[in-house]
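Please read the report below alongside the sequence and the three-dimensional view.

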Amino acid sequence: MISVVIADDEPLARYKLCNYVSAVPLLRVAAVCHDGKEALAAAISTRAELLFLDVRMPGLSGTEVVASLDKVPAVVFTTAYDAYAVQAFDLGAVDYLLKPFGPRPKHADHRFVHNRKQRLARPPFGSRRRPHHPHSTRHHHTF
């Protein structure tokens with residue numbers, strides 16, 4: 001099982017992310033947090049392998065949480081602002097979800113399972129900075 005920490009200051013976003021993660025058999029919600037300081041503590045205490053972090057939260061931002069960790073797990077940033085997507089992928093995020101989250105895609109759990117090994121096998125978040133390519137084929141998902 002992959003342990004997951006979810007951190008978002010919006011109750012509806014936390015609820016939807018918990019539902020999405022709970023529907024994927026290989027994922028286990030280890031902690032649900034409402035701000036960045038709580039997310040940092042949970043990431044450390046649970047030894048989470050995957051973080052869903054809101055980019056803008058009270059206390060610490062998602063990027064500040066990641067910068068504060070000695071050992072950084074895979075990270076999926078969530079936000080209502082698509083302007084952060086380039087920064088997130090430049091920092092090595094495994095995915096980027098735009099709010100508001102809609103209904104879970106029909107095959108979302110299969111995508112998580114199928115891509116699990118490749119995404120979690122990447123170098124730790126922030127361990128090496130990949131150059132931004134303006135014509136990158138990367139895209140973000142809207143849930």
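## Lysine 99 and its partners

Lys 99 forms a salt bridge with Asp 54, the closest N and O atoms being 3.1 Å apart, where a salt bridge is a side-chain nitrogen of Lys or Arg within 4 Å of a carboxyl oxygen of Asp or Glu. The pair joins distant parts of the chain, with Lys 99 in the loop between β5 and α5 and Asp 54 in strand β3 (residues 50-54), 45 residues apart; helices (H or I, at least four residues) and strands (E, at least two) are DSSP runs, numbered from the N terminus. Both Lys 99 and Asp 54 are buried, a word that stands for under 20% relative accessible area, with exposed meaning over 50% and partly exposed in between (1.4 Å probe, protein chains only).

Lys 99 also forms a salt bridge with Asp 8, with 2.7 Å between the closest N and O atoms, and another with Glu 10, at 3.3 Å. Because its relative accessibility is 0%, Asp 8 counts as buried, whereas Glu 10 is partly exposed at 38%.

## Serine 3 in its strand

Ser 3 lies in strand β1 (residues 2-7), and it counts as buried because its relative accessibility is 4%. Beyond its neighbours within four places in sequence, Ser 3 is in contact (heavy atoms within 4.5 Å) with several residues, among them Arg 28, Thr 46 and Leu 50.

## Basis of the values

This is a predicted model, in which local features need pLDDT of at least 70 and side-chain atom pairs count only at pLDDT 80 or more, while totals for chains, interfaces and linings use all residues. Residues are numbered from 1 along each chain as its sequence is written, and side-chain values use heavy atoms, leaving out hydrogens and water.
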